[in-house]
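Please open the structure in your viewer and keep the selection tool at hand.

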Amino acid sequence: MTVNAITNVGRIQSAIQRAAARTGIDFDYLMGQARVESGLNASARATTSSASGLYQFVDQSWLAVMKRHGGEYGLGWAADAIGRNASGRMTVSDPATKQAILALRNDPEIASAMAAEHAADNKDALESSTGRAATGTDLYMAHFLGLGGARRFLSGMRNNPDASAASLFPAAARANHGVFYDSDGGARSLSEVYQRFASKLGDGAGNAGNTGNNLPSMQFAAQTLDMDGATIVTGANQNATDALAWASSALSARSGQAQAASLMRPTPDTARLAYLMLAKMGG
């Protein structure tokens, strides 16, 4: 992994951290969702739908969440431009404005915030309908199939876990063949699709709400030092995110997990911040 790639991942993690802290949605879930959806690629685009960005929001879902929450993040211009027609579809009258709103999906900070807000909305709705605490996998189903689809999926799985998922969601199956069918073309059951997503989400598959500090230890060290995103005035304009990436790589290399740290040449200011982070966590 290149230095730029490591730094980009660090910045994406920082954006997700802030979204998790603001909404109470589990950090591990949001990280897992971003990995599943885009591989942490903020510019990812789907080939079978309008999905785009870090969290692969399709056009209609993005417009809906922006209408509901955009104003809370200084994006009132976007929220105010979005309307709903008689058939219930989200609309934007000006094509240029619509494209500008949709392009926000590729901004990691905004995408993370909207994904977390969307998850929080879905969490409340799912818990109300199921009568139990929502898991991260439940939330992912709501992102993947929409809230109504998730309710149908979870209800169907509860009543008949071995039923074909593709039979219940034929349109989604056509757009996501690899999710609904195995390599031999056999249709996966509802429980198989659910468990497949749970495995991909990893630590984020469990409780959807923040149950404590779920940040990676190095990320937490930067946060408690109040350095995350802070700019250090140097000729190279290094910042705390660069230090976070360097320190994380150094730890990985020391434990034999990676060699990325040897590729990096930190400035003295970057190194100083990195050592502070390591000291804070006892590294």
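**Stop one: an aromatic cluster**

Begin by selecting F197, which counts as buried because its relative accessible area is 4%, and the cut-off for buried is under 20%. Please note that the model in view is a predicted one.

A search of the whole structure finds six aromatic pairs. One of them joins Y140 and F197, with 4.7 Å from centre to centre and 55 degrees between the planes, a tilted arrangement. Colour the helices to see where the two partners lie: Y140 belongs to helix 7 (residues 136-159) and F197 to helix 11, so this pair ties together parts that are 57 residues apart in sequence. Y140 and F197 are both buried.

Now keep F197 and turn to F144. How are the planes of F144 and F197 arranged? The pair is edge-to-face, because the planes stand at 65 degrees, and over 60 degrees counts as edge-to-face. The ring centres of F144 and F197 are 5.1 Å apart. This pair also links distant parts of the chain, since F144 is in helix 7 and F197 in helix 11, 53 residues apart.

**Stop two: a loop with two positive phi angles**

Move to the loop between helix 2 (27-38) and helix 3 (59-69), and select L40 there. Although L40 is not a glycine, its phi is positive, at about 65 degrees. Is L40 buried or exposed? L40 is buried, as its relative accessible area is 15%.

Then select Q56, which is found in the loop between helix 2 and helix 3. Q56 has a positive phi of about 50 degrees and is likewise not a glycine. With a relative accessibility of 10%, Q56 counts as buried.

**Stop three: a charged surface patch**

Finally, display the surface and select D162, D182, D184 and E192, the residues that form a negative surface patch. Where in the chain is D184 placed? D184 sits in the loop between helix 10 (177-180) and helix 11 (190-201). Whereas F197 is buried, D184 counts as exposed because its relative accessibility is 74%, and the cut-off for exposed is over 50%.

Conventions. Residues numbered from 1 in each chain as written. Predicted model: local features only at pLDDT ≥ 70, side-chain atom pairs only at ≥ 80, totals over all residues. Heavy atoms only, no water. Patch = residues over 30% accessible without salt bridge, like charges linked within 9 Å, V, L, I, M, F, W, Y side chains within 5 Å. Areas by Shrake-Rupley, 256 points an atom, 1.4 Å probe, with all protein chains shown as cover. Salt bridge = Lys/Arg side-chain N within 4 Å of Asp/Glu carboxyl O. Lys, Arg positive; Asp, Glu negative; His and termini not counted. Charge placed at Lys NZ, Arg CZ, Asp CG, Glu CD. Helix = DSSP H or I, 4+ residues; strand = E, 2+ residues; numbered from the N terminus. Buried < 20%, exposed > 50% of the residue type's maximum accessible area, 1.4 Å probe, protein only. Phe/Tyr/Trp six-rings, centres within 6.5 Å; stacked < 30°, edge-to-face > 60°.
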